Amino acid sequence: MGLLLGQMLGCHQQQNLGERARGKAVQLGVLMAGLALGWALLSSELGVTRSLGWLVAVPIALSAYLLISGVLGICVYQGIKGFRGADHGQEAVLDPADRQHLRLRALAAVSASLVIAGAFAAAFVANG
């Protein structure tokens with residue numbers, strides 16, 4: 001239903017990942033969130049939250065990026081190259097305005113994931 005509605009509204013033109021890649025990104029994002037949670041619990045139990053708690057930012061950043069990427073259907077690698085990674089293979093984005101728009105969306109996803117990771121790590125270390 002969501003895919004059909006997105007295609008009717010033209011939202012699929014703002015994506016550069018196919019459905020399979022989007023699903024894999026969400027799965028991997030959830031896995032990375034689990035790793036981050038495991039690291040947070042382990043560092044808390046060992047009492048090293050203040051010294052090593054900042055390392056939780058790495059899996060959180062990856063998790064946030066992968067979840068944003070999967071949900072919005074954007075990939076920074078494909079965006080920088082100027083391609084769409086469709087399920088049937090790569091296709092070039094020929095329109096310069098569309099290519100630039102996809103690049104900006106991908107860079108916004110990376111920026112948002114870094115902000116999320118920094119805020120989460122800061123809160124984690126401050127409360128640890």
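Me: Which elements do the buried residues of α6 pack against?
Reply: The model is predicted: local features need pLDDT of at least 70, side-chain atom pairs count only at pLDDT 80 or more, and totals for chains, interfaces and linings use all residues. Residues are numbered from 1 along each chain as its sequence is written, and side-chain values use heavy atoms, leaving out hydrogens and water. Buried means under 20% relative accessible area, exposed over 50%, and partly exposed in between (1.4 Å probe, protein chains only). The buried residues of α6 pack against α2, α3, α4, α5 and β1 (83-86).

Me: Which residues of α6 are buried?
Reply: An α-helix has 3.6 residues a turn, so residues three or four places apart point the same way. In α6, the buried residues are Leu102, Ala106, Ala109, Ser113, Ala117, Ala121, Phe124 and Val125.

Me: How many helices and strands does the protein have?
Reply: Helices (H or I, at least four residues) and strands (E, at least two) are DSSP runs, numbered from the N terminus. Along the sequence the pattern reads α-α-α-α-α-β-β-α. The count is 6 helices and 2 strands.

Me: How far apart are the end C-alpha atoms of helix α2?
Reply: The expected span of a helix is 1.5 Å times one less than its number of residues. Helix α2 (residues 19-46) has 28 residues, so it should span 40 Å. The model agrees with that, since the end C-alpha atoms are apart by 41 Å.

Me: What do the buried residues of α2 pack against?
Reply: Arg22, Ala25, Gly29, Met32, Ala36, Ala40 and Ser43 are buried in α2. These buried residues pack against α3 (49-52), α4 (57-72) and α6 (96-127).

Me: What covers the buried residues of α4?
Reply: α4 has 16 residues and reaches 22 Å from its first C-alpha to its last. Its buried residues include Ile60, Tyr65, Leu66 and Ile68. Their cover includes α2, α5 and α6.

Me: Which residue just after α4 takes a positive phi?
Reply: Just after α2, a positive phi of about 75 degrees is taken by Gly47. Just after α4, a positive phi of about 75 degrees is taken by Gly73.

Me: Is Gln78 buried or exposed?
Reply: Gln78 sits in helix α5 (residues 76-81). Leaving aside neighbours within four places in sequence, Gln78 is in contact (heavy atoms within 4.5 Å) with Asn16, Phe83, Arg84, Gly85 and Gln90. Its relative accessible area is 9%, so Gln78 counts as buried.

Me: Is Leu94 buried or exposed?
Reply: Leu94 is in the loop between β2 (89-92) and α6. Its relative accessibility is 72%, so Leu94 counts as exposed.

Me: Which residue lies over the face of Phe83?
Reply: A charge sits over a ring if NZ of Lys or CZ of Arg is within 6 Å of the ring centre and within 35 degrees of the ring normal. At 5.1 Å from the ring centre of Phe83, over its face, lies Lys81.

Me: Over which residues does pLDDT stay under 50?
Reply: pLDDT is the predictor's confidence in each residue, from 0 to 100. The protein averages 86, and 89% of the residues score at least 70. Where pLDDT is low, the predicted coordinates should not be read in detail. It stays under 50 over residues 1-10.
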